[in-house]
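Morning, everyone. Please bring up the model on your screens. I'll keep this brief.

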Amino acid sequence: MKKITRITLLAGFALGQALGLQGADPVESDYYQIDQIPIPDGVVLETSGIEMLPNGKLAVCGRRGNVYVLTNPFGKPEEVKWTLYAEGLHEPLNLAYDDGWLYCTQRGEVTRMRDTNDDDRADIFETVNDGWGITGDYHEYAFGTRPDPDGNMWVVLCLTGSFSSQIDYRGWCVRITKEGELIPTASGIRSPGGIGLNHLGEAFYADNQGPWNGSSSLKHIPVGSFQGHPGGWRWFDLDAVKKIMKRPANEPKSDSRYPAERGRVKELTPPALVFPHGVLGNSTSGFAYDSNGKFGPFKNQLLVCDQTFSVVNRGFLEKVNGVYQGAAFSFLKGFGSGNISAYMHPDGTLFIGGTDRGWGARGGKRFALDRVTWKGKVPFEIHEMRAKSDGFELTFTHEVDAKTAGDLSSYSMSAYTYIYQSKYGSPVVDKLTPKVIGAEVTGPKKVRVTVDKLTKGHVHELQAKGVRSLDGKPILHPIGYYTLNEIPPAEVN
Amino acid sequence: MNSLKRNALWCVMGIAAGFSLPANAADDADLIAKGKALFQAKICFTCHQVDENVPAPAGIAMKAPKFMGNFWGKKRAVTLGYGGKDAEVVFDEKYFIESIRKPMDKVAKESSAPMPPPPAVNDEEMKALVAYVRALSDGSAGDADEGGLIAKGKIENFSFAAYKGSWDKLPDFSKLKPFKTGKAQSGTADPGLAEISENFGVVFEGQIAIEKKGNYKFKLGSDDGSKLYINDKVVVDNDGVHSMKVVEGSVALEPGKAKLRLEYFEKGGQEELALDMSGPGIKRLQLAKQIIKPKSSGKQPFPTGNPIDITGEARIYRNFIEGASPRGIGVGYPEKVNLCFDANTMQIAMLWHGAFIDGAKHWNGRGQGFQRPSGHYLINLNRDQPFAQLESDDAAWPQAEGRDTRAKGIRFRGYFLTGEQRRPIFGYKVGDNLNVADYAEPQAGALPSIVRNLRIRGNGEVTYLAAAANEITMKDDGYIVGDSMLKVSFPEIGDLQPNIRENAGRKELIIKLNVDGRVTLKQLYEWKL
C-alpha cells in the first residue's frame, strides 16, 4: 500500500512538473523517523537525562530519581531491554559519562556513581560537589553538562521561585572542576530548562519566559556574564565570588529593552536565540547537535527541545561583534511528551526524553523516550541565515530555483521584540514591518535578502514561502526567526 | 461501564418514584466526581486554588484565578491575547472550554502570566471538568453525591469512636484506644466528628430500621479506605489508601433493625466518606457524608498514593523530607524501621517504624513541599552535626541554624550500598584529617531498633554528639533522650566514656575521641514506649 502510494506520488510529481504543477508538499516524516521506545509497564521514567555508556548501552534517568540502562538501544524499539541501575536520586536532570563514572546533577549536588561489584547496579554514589544552597522550593532545579574541554561541568541553578534567590548561588551558573571545586561563573539565571555545550565546548542554557525574560530563549554563558535576572545578585557579596568576579556597576532597569540595558550593564549577555513565545514554543529546554553530519545537513547546529510544544527546534548560530546570535527554525514535531533532554549519538541517532509533569505538554503522554533517525534524504530548508549590514544571507540545503528565489514577492518580513522587565513575561512589542527590497541569488544555494531597515535587539521573522528548490519543492520550514543582537558592519569589498 | 450502569439505575429509581429531580442530577454527581479527579490529573490544581485551606503555590507568582466563591456565570476582565486589549467575558462553559483549548486568546487580566497549555483534554473529559468547576462556584462540588438524594440521617443509636494513627489498611480497631468517642444526633456517619484531617480512623456503629424484606444495596465511597459491616458481615470492602473511590455491595435483610458498623481511615490529603443505601421502599438514603470540615492545621495536605514499598532491600529516597534539611536522604529497611540521614549536617534527623515514605508529594504536579515520613513512632532527633573539633570542653556545639545551614568543618562524600540488602554507608570528612563511615544496621524485632556504626579513620581529637535535648537521663544501661520515645546506649564501648554536659540551656551526650588510625563506635537507638 505504502509503496503504491509512493510510486503514485512520484509519477504524479513527474507529471505535475511536466505540466508546471506542484507535487505533494514534503513533510518532516519524509526525512526523519521518530520511534517511541516503549517504557516497560510499571516503570515511570520522566526522562530528564540521556547518556551513552562505553559498552554500547544507553543510560537514562528520570525526575523520580531513577536511572535505567537500556540494552540494544538502536534495535527494534520493543526489543530494547531495560535494567534498573540506580534509584532514590533527587530529581537528576542530566547524565554524563566520564572516566568510568556516570555523573548526574541532582537538585543539591553533582554526583558520580558506578557499579563496583558487576551486578549492573550502581553501588557507590560519590558527592563531587554540593557547594550550592537549596531551601526546598520546588523551583530549585539544577541542570548540568558533560565536562567541557577543561574538564569542568557547568551547572545552572534555578532561582528560589521566579523572582528571588534565598540561598547561595540560586540564579547562578557555576562550574564544577574535576577535583570537585565550585567556580562561580555567571549571574542572572532565572528558570533554566536545560544546559549543554556546543561543538566548541562553549556553554549555552535555556531560560524560560518569566521575570526579565519576555520569551523563552537559548543563551550563551560567557564566564563573568550576567544573564538578565538580577534576583541572585546578593551572592556577589560571597567571598568566593568577590575573589574572582565583580558586581556589575549598574543594575538593569525594568520596563526597558535589551539594547538599552546592554548599554548600561556591560556584563548583560542577550539571548542568542529567542524562541518566540507561543510560536516556536513555550518552554525551551535541553539541546544536542550532530557533530559529523550523520544526522543530515545540519552539522553543529543546535537541536533545541521545547517542553510545552513537544517539539525540537533548530538553531543556527553565528558570532557578530563578539556576541552570539542567530536564527531559530521549526524542525521536528510529534514527540510523545514534554521534551526536556536530548542526546545525539555519534552515529546520528538522536534520543529525546520528556515529561509533562507540572507543566503541560502537547505530546499527551505523561513521559516518553523517543528516538529520531535521519532517513538519508536532505529536506529543502534554510540551512543558514546570516545577518548582514542591510539584511540577511540565506544558504539553502539544495540548489534554489533562481526565478522564485530572486523574486521579492517570495519573501516577507516582520520584526518585534519583548519588554525587558521585572514583571512576568512580556507581550510582543515594537512591531515593525521591514520591507524586503532586494533578493539576489548569489550562488546555486545562496540568496542575499536586503531590507529597508534592521532593528537592533529585534527578532526578525523572515518568511520565505515563495522560494522553491530547483526541483520545485517549497521550503519545509520557511520561516526563520533571527535574534538580531548586533548588526554587522558593512562588508569591505 | 460500571458507573454508567449505576447512573442509569439511580436515575430510573428517581423517576419511578416520581421525585422531581433535575433531569441529570445523578449523572452530574459522577461527572463532577470525575471532573474533580481530572482537575488533579491535568494538574489544574497546582495553580488554581479551590479550597481556602489548600493553597496552590504554583499559581501564586502567576496570580492564577482561584475557583472559589461565586464565579460561574459572572463577568471577568480579560485581555485579548496576553498583554493585548482589554475585554470582558462571561465565565461560562464556552469561555471555560476556550480558555483551556486556547489559553493565549483571552487571558484573565488579574494574572501575571497566561496559562501554560495543560495536557490534552478530550471532549468527554472537558464535560467532566466543566461540571466540576461549575459546581465549585455554587458550592456544590463537595456534594458530588447530592443527586437523587431522598433522605438522610437515619442511623439510630448512633455512636462513633475516633483513633489516631497512620495506616495503609484499616487496622484492627479493637486493639486500639480511641482518642475521642461520642454519640451523634445527626444520624449521619461523618468523619468530621474526629475533628482532625489526617492520620486518623473512625468506627461508626448504629442501627437502621428495615421495613420490607428484600435485597438492599450499599454504595460506599471513601478517601482513603473504608469497610461496611451489616449484621456483623462485611457487605462492602473499600479498604486501602486511595483517592475517592466508590464500591458497591448488597445484602438481604429482614424487617426489623439491622446492625451497622462502618470503619473508615484517612492517611493524608483529601478525606471523604459517603455511604448511600437503596432497596425496597428506600430510594436513596444517605448514611454517611463528610459534613463537619476539620479545622485546617495550616499545613498542606499529606499526599499519598505513591508509597515506596520495601521488600528485600533497603531503599533510598532522596528528596525534601519534612523534619530534615532539603538534603534529606530517607532510607527504608526491610526490618520495618526507617531513618532520614541529613546530608547537610551528617546527622540522623529522624527514625520511624513501619511504612517508609510516599513519593506522592514530589511525584505529582510540580512536586512542591516537604513530604512527611509514613509509618509510626516517628522520632525527631536533634539535627546538630555529629562531630566537632571543639576548642575547649565547654565550647558551644556548632548549631544547625535555618534550613540549609551546613555542618561546619564537615564535607559530605556520598554513600556506598553494601551487602545483599544494599544498605547505605554514608561517608563524610571531618576537618582535614578524619574520615567517617556512618553505617546504620537495623535490628529486626517486634520493636525494631537501629545500631549506628561509626568508623573514624585518620588522626586527631574529635567530639561525638550522641544526643542533645532539654533533658537526658541515665536509665539502666542507656540514656533516655528528652521526652521522646528514644533510648540510646553504647554497646561495645570499651574505654570510651560518654558524658552528659550542660551547654546553651540543654543537655548534650558527648563522647571525646582521640583518633590515631582508627576508632569504632556503636550507638544503639531503641524505642521506649
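Which residue of β23(B) stands opposite A:Glu126? B:Gly414 does. Some ground rules before we go on. This is a predicted model, where local features need pLDDT of at least 70, side-chain atom pairs count only at pLDDT 80 or more, and totals for chains, interfaces and linings use all residues. Residues are numbered from 1 along each chain as its sequence is written, with chains lettered from A and ligands numbered from 1 in the order in which they are written.

Back to the strands. Strand β9 of chain A, residues 124-129, pairs with β23(B). The sense is antiparallel, over 3 bridges. Strands here are DSSP E runs of at least two residues, helices are H or I runs of at least four, and both are numbered from the N terminus. Two strands pair if DSSP finds at least two bridges between them.

Now the contact between the chains. Chain A gives 38 residues and chain B gives 38 residues. Contact means C-beta atoms, placed from the backbone, within 7 Å. On the chain B side, α3 (58-62), β16 (315-319) and β23 (410-418) each supply at least two residues. The largest share, 6 residues, is from β23(B).

Next, the nonpolar core: buried Ala, Val, Leu, Ile, Met, Phe, Trp, Tyr and Cys residues joined through C-beta atoms within 7 Å. Buried means 20 or more other C-beta atoms within 10 Å of a residue's own, all placed from the backbone; exposed means 12 or fewer, and partly exposed is in between. The largest core has 174 residues. A:Val155, A:Leu157 and A:Leu303 touch the most other members. Strand β26 of chain B (449-469) brings the largest share, 7 residues.

Conventions: Contact = placed C-beta atoms within 7 Å.
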